[in-house]
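Biologist: I have a new model open and would like to learn how to read it. Could you walk me through some of its features?

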Amino acid sequence: MAALGWLTRRRPSATARSVLAGEAAAEAARKSSQELAELVEPARADERPAEPAFPVVGDALAAAFFDLDNTVMQGAALFHFGRGLYKRQFFQRRELARFAWQQAWFRLAGVEDPEHMQDARDSALSIVKGHRVSELMSIGEEIYDEYMADRIWPGTRALAQAHLDAGQKVWLVTAAPVETATIIARRLGLTGALGTVAESVDGVYTGRLVGEPLHGPAKAEAVRALAAAEGLDLGRCAAYSDSHNDIPMLSLVGHPYAVNPDAKLRRHAREREWRLRDYRTGRKAAKVGIPAAAGVGALAGGTVAAIALHRRRR
């Protein structure tokens, strides 16, 4: 009953926060994409993977939106970012071990506890409060090379490249921090990224989010806001995700794809005859998705999800 009471009490404000988070992510994405356009060099033709036939060449009203975790990259960006922060002594070993256990639990259970997610977000924001944005961006560049570069799914990368080669813009849409997402987008040669926006003043994090983590309905709001600002026709756009949590985003576009889908998304996609792509092998394809990581959409990364439990129980 307590859980039901939480849902009933907070639903109206959650909707408002989703819209705010989506609009903030869209604004940040457009700004960062202008910078990315100046930095990204086109990949050489002999380095590009085989292209799917779908994207329509020259359709300026179309774009593609890609979820990050388990869609573009194996695993959760927040978890890998947390590993990098641990290596740089942002956290203690017991906190990393507790988070690893928690990640395993949520992989199997596939459920989220709203109260715990709130505690985790608050803890994450308290960790980065007072740190400079430039500091975390610099660390993020290093962490990408250390833990993420070798985890990109070649098949999904080929899908993204097909949209780029057709002259369309390609955006990451993720609950990961927008700074981390922007780094990944730039390294992959994409247009930009929509991600969770942590408030900063004069380049220093305040310890607050703008709206809420870019998760579930907030992702759909971000895509909607960006499409309006860019003059896109969502009916001609494509979206790609592995998680049933992204059904609101996938339902917005005319060309939804389920990539490495979890069981709920696979079932939903088959019922609606959405296109399916699975780049996993063996039992890896049986069940995926890390809702815990998706719920912790603050800059410090997934590792800080353990801190809330540690502090409460201590």
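Modeller: Gladly! Let's begin with a term: two residues are in contact when they have heavy atoms within 4.5 Å. Keep in mind that this is a predicted model.

Biologist: Thanks. What share of the contacts with a separation of 6 or more comes from residues 24 or more positions apart?

Modeller: In this chain, 72% of the contacts with a separation of 6 or more join residues 24 or more positions apart.

Biologist: And which elements make up the chain, and how much of the chain is buried?

Modeller: The chain has 12 helices and 8 strands. A residue is called buried at under 20% relative accessible area. Here, buried residues make up 52% of the 314 in the chain. As for the surface, the chain exposes about 14,500 Å², and carbon and sulfur atoms supply 52% of that area.

Biologist: Now to strands. How do I read a pair of them, say S4 and S5?

Modeller: The general idea is that side chains in a regular strand alternate between the two faces of the sheet. In this model, S4 (198–201) and S5 (residues 204–209) pair in the antiparallel sense over 3 bridges. To find the pairing on screen, look for Ala198, which stands opposite Leu209 in S5.

Biologist: Next, open spaces. What does the second largest pocket look like in terms of volume and lining?

Modeller: A pocket is an open set of grid points, whereas a probe cannot get out of a cavity. The second largest pocket here has a volume of about 500 Å³. It is lined by 17 residues, and those closest to its centre are Ala28, Lys31, Val133, Val178 and Glu179.

Biologist: Which elements supply that lining, and which gives the most?

Modeller: Helices H1 (2–39), H5 (133–148) and H7 (178–188), together with strand S4, each supply at least two residues of the lining. H1 gives the most, with 6 residues. By type, the lining of this pocket divides into 8 nonpolar, 4 polar and 5 charged residues.

Biologist: And how many cavities of 30 Å³ or more are there?

Modeller: The count is 1. The largest cavity holds about 30 Å³ of space. Its lining consists of Phe66, Val72, Arg157, Ala160, Leu172, Leu188 and Leu190, which divide into 6 nonpolar, no polar and 1 charged.

Technical notes
Residues are numbered from 1 along each chain as its sequence is written. This is a predicted model: local features need pLDDT of at least 70, side-chain atom pairs count only at pLDDT 80 or more; totals for chains, interfaces and linings use all residues. Side-chain values use heavy atoms; hydrogens and water are left out. On a 1 Å grid over the protein atoms alone, a cavity is a set of points where a 1.4 Å probe fits but cannot get out, and a pocket is an open set with protein on both sides within 12 Å along at least five of seven lines; lining residues have an atom within 4 Å of a point. Grid points are joined across faces, edges and corners, and a volume is the space filled by probe spheres set on the points. Helices (H or I, at least four residues) and strands (E, at least two) are DSSP runs, numbered from the N terminus. Ala, Val, Leu, Ile, Met, Phe, Trp, Tyr, Cys and Pro count as nonpolar, Asp, Glu, Lys and Arg as charged, and the others, Gly among them, as polar. Buried means under 20% relative accessible area, exposed over 50%, partly exposed in between (1.4 Å probe, protein chains only). Accessible areas come from the Shrake-Rupley method with a 1.4 Å probe; for residues, only the protein chains shown count as cover. Two strands pair if DSSP finds at least two bridges between them.
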